[in-house]
Amino acid sequence: MESPHPAQHPQPLHGIFTAVPPRYDLVNHIITLGLDKRWRRLAAQTCLENKPRRVLDLGCGTGDLTISIARLAGKDTDLTGLDYSQPMLEKAQQKAVKAGVQKLARFIHGEANRLPFPDAHFDCVGISFAFRNLTYKNPLGPIHFAEVKRVLKPDGRYVIVESSQPEDRLIRALFHLYLRLFVQPVGIVLSGNPGAYRYLAESARRFYSSSEVRDMLLAAGFRDVYYSALLFGVAGIHVAYK
Ligand SMILES: C[S@@+](CC[C@H](N)C(=O)[O-])C[C@H]1O[C@@H](n2cnc3c(N)ncnc32)[C@H](O)[C@@H]1O
């Protein structure tokens with residue numbers, strides 16, 4: 001797929017996510033102390049709660065959520081991972097082959113704000129650690145919500161696993177310190193990509209609280225939003241219904 005000129009259709013953060021892949025998974029596991037895998041598995045279980053037939057992993061990156069869902073789902077579940085970073089998608093495809101789930105999932109190059117699917121196509125849209133990229137200081141955020149709603153069937157679910165803000169002030173302060181003193185420098189050294197990990201630490205520190213995300217989802221027209229905090233609220237899973 002050809003990318004339009006940025007001035008015609010800006011693609012926020014695209015440069016970061018095409019540059020990051022070589023050590024993306026390793027850095028993720030280290031900066032989350034290995035918890036990212038567990039959190040994605042919980043998100044995968046949540047995606048499968050309503051026995052969806054078609055699931056989209058939005059901003060699939062190197063495919064971990066798609067692969068987690070594929071491992072847990074029956075072979076009748078149709079899985080699609082979508083991302084605008086070709087290098088991420090190539091890794092996702094290789095990992096799906098290695099995990100033996102390549103027949104259950106396809107990976108598609110595409111833009112979250114112009115999803116290449118018909119209306120009411122998916123029973124569930126899952127997103128792991130890409131929601132922040134699509135909403136925090138992203139002028140295209142409202143379009144992404146409209147697109148997710150468009151491709152979901154009525155009663156379909158949007159399942160979001162993302163970093164959050166712990167409610168307890170002391171834990172929040174410690175979490176922010178951890179982002180600044182551990183995540184940012186370790187990410188920079190291991191990835192060799194200072195811009196990417198400065199952005200990650202900064203956006204996670206300033207990202208919305210769970211109640212703000214809930215309000216955004218309700219304002220975008222979703223209903224019955226509920227939230228489960230993970231590890232004292234440093235991350236969490238939102239579920240919203242169309
Ligand atoms: C932080 S990574 C998360 C990747 C993966 N879901 C995971 O759990 O590791 C964010 C992903 O979202 C993708 N992304 C960001 N903005 C996007 C957009 N507008 N359209 C499609 N993909 C996007 C990036 O390329 C990147 O792979």
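Tyr226 is placed in strand β6, where a strand is a DSSP run of E with at least two residues, helices being runs of H or I with at least four residues, and both are numbered from the N terminus. The model is a predicted one, in which local features need pLDDT of at least 70 and side-chain atom pairs count only at pLDDT 80 or more, while totals for chains, interfaces and linings use all residues. Residues are numbered from 1 along each chain as its sequence is written, and side-chain values use heavy atoms, with hydrogens and water left out.

Because its relative accessibility is 34%, Tyr226 counts as partly exposed; this class lies between buried (under 20% relative accessible area) and exposed (over 50%), with a 1.4 Å probe and protein chains only. Apart from neighbours within four places in sequence, Tyr226 is in contact with Glu49, Arg157, Ile237, His238, Val239 and Tyr241, contact meaning heavy atoms within 4.5 Å. With Glu49, the side chain of Tyr226 forms a polar contact of 3.5 Å. A polar contact is a pair of N or O atoms within 3.5 Å; within protein, one must be able to donate a hydrogen and the other to accept it, and residues adjacent in sequence count only if both atoms are side-chain atoms.

Strand β6 (residues 223–230) pairs with strand β7 (residues 235–241) in the antiparallel sense over six bridges, pairing being assigned if DSSP finds at least two bridges between two strands. In this arrangement Tyr227 stands opposite His238 of β7. Four residues lie between the strands of the hairpin, and Leu231 there takes a positive phi near 45 degrees.

Attention now turns to helix α5. The helix has 14 residues (86–99) and should span 20 Å at 1.5 Å a residue, which agrees with the 20 Å between its end C-alpha atoms; the expected span is 1.5 Å times one less than the number of residues. Its buried residues are Met88, Leu89, Ala92 and Ala96. Seen down the axis of α5, these fall within an arc of 95 degrees, so they line one face of the helix; the arc is that of the directions from the helix axis to the C-beta atoms. On the other side, Gln94 and Lys98 are exposed.

The ligand is surrounded by 20 residues, the closest being Tyr24, Arg40, Gly59, Asp83 and Ser128; a residue is counted if one of its heavy atoms lies within 4 Å. An oxygen atom of the ligand is 2.9 Å from a polar side-chain atom of Tyr24.
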